[in-house]
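Please keep the structure in view while reading.

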Amino acid sequence: MRRKVERDQILGHEDEADGIQEYDNPLPDWWLGLFWLTIIWSFAYLVHYHFIADRSPEAALAQELAEAQERWPAPGEGEGTEAGLTLTAEAVAEGEGVFQTYCVACHGADLMGGIGPNLLDDEWIHGGRPEDVINTITNGVPDKGMVPWGPVIGPEQVNRVAAYVISKNAEALGREPGAVPPPPE
Ligand code: HEC
């Protein structure tokens with residue numbers, strides 16, 4: 001399919017620059033071949049990447065999240081609500097007992113704070129979602145004087161006292177327990 005052109009014809013621009021002129025030769029076949037090949041390759045790659053292998057970032061993220069979920073299940077998952085919090089009346093009552101024993105000294109019998117912050121307002125330093133509260137209670141904030149309670153009272157009592165804090169907070173703010181914004185980054 002080689003184009004029949006006489007080679008090495010000067011194009012004859014009017015505007016030659018510095019005495020440099022241009023030949024009107026076709027591109028070499030091997031070069032054109034490569035050019036078309038890259039275009040065809042890019043389409044094949046696109047189809048394979050997005051539709052056949054689905055290596056999109058969204059798919060990769062979903063995959064990683066699923067793996068993380070398996071590896072680090074939310075505390076107490078399987079019992080209670082989606083967030084792993086048991087919000088039954090008994091659980092909350094039990095949580096109140098735990099709170100009276102371990103938490104009033106700093107957060108106050110009315111949960112309105114003292115040494116520790118108010119737990120009834122909408123201001124959460126470490127997030128107010130059930131999993132955030134469970135996490136704060138479990139791991140504490142040792143630098144700021146909040147004890148890591150996980151090792152002291154165990155996951156079950158952490159869950160109960162979190163249920164108590166969250167239901168009291170929701171009650172004070174007049175909303176559904178757990179309907180709170182995620183922590184600030
Ligand atoms: C020795 C005092 C002390 C005790 C006892 C204590 N806390 Fe705290 N707690 C704090 C302090 C101080 C903070 C604030 C940490 C910070 O500024 O990051 C805090 C923070 C928290 C938070 C996070 C509040 C937010 O805004 O994100 C929760 C929830 C909490 N405590 C629950 C509890 C529970 C439940 C107990 C009992 C098991 C408890 N605390 C016992 C001092 C205490």
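Is Arg 175 buried, partly exposed or exposed? The model is a predicted one, and in it Arg 175 has a relative accessible area of 30%, so this residue is partly exposed. Its salt-bridge partner is Asp 122, with 3.1 Å from N to O. Asp 122 belongs to the loop between α4 and α5, whereas Arg 175 belongs to the segment after α6; the pair therefore ties together parts that are 53 residues apart in sequence. Asp 122 is likewise partly exposed, at a relative accessible area of 35%.

In total, the structure holds five salt bridges. Another of them joins Arg 160 to Glu 94, where the closest N and O atoms are 3.7 Å apart. This pair also links distant parts of the chain, since Arg 160 sits in helix α6 and Glu 94 in helix α3 (residues 89-102), 66 residues apart. Arg 160 counts as buried because its relative accessibility is 10%, below the 20% limit for that class. Glu 94, at 40%, counts as partly exposed. A further salt bridge is formed by Glu 131 and Arg 129, at 3.9 Å from N to O. Shared partners join Glu 94, Glu 156 and Arg 160 into one network of salt bridges.

The metal site comes next. The iron atom of the ligand has His 107 (NE2) and Met 146 (SD) as its protein donors, at 1.9 to 2.2 Å. His 107 lies in helix α4 (residues 104-107) and Met 146 in the loop between α5 (130-139) and α6 (150-173), so the two tie together parts that are 39 residues apart in sequence. Both His 107 and Met 146 are buried. The six donor atoms around the iron atom subtend angles of 87 to 179°, and the arrangement is therefore octahedral.

Conventions: Residues numbered from 1 in each chain as written. Predicted model: local features only at pLDDT ≥ 70, side-chain atom pairs only at ≥ 80, totals over all residues. Heavy atoms only, no water. Donors = N, O, S within 2.8 Å, 3.2 Å for Na, K, Ca; no water. Tetrahedral: all angles 85-135°; square planar, octahedral: opposite > 155°, others 65-115°. Helix = DSSP H or I, 4+ residues; strand = E, 2+ residues; numbered from the N terminus. Buried < 20%, exposed > 50% of the residue type's maximum accessible area, 1.4 Å probe, protein only. Salt bridge = Lys/Arg side-chain N within 4 Å of Asp/Glu carboxyl O.
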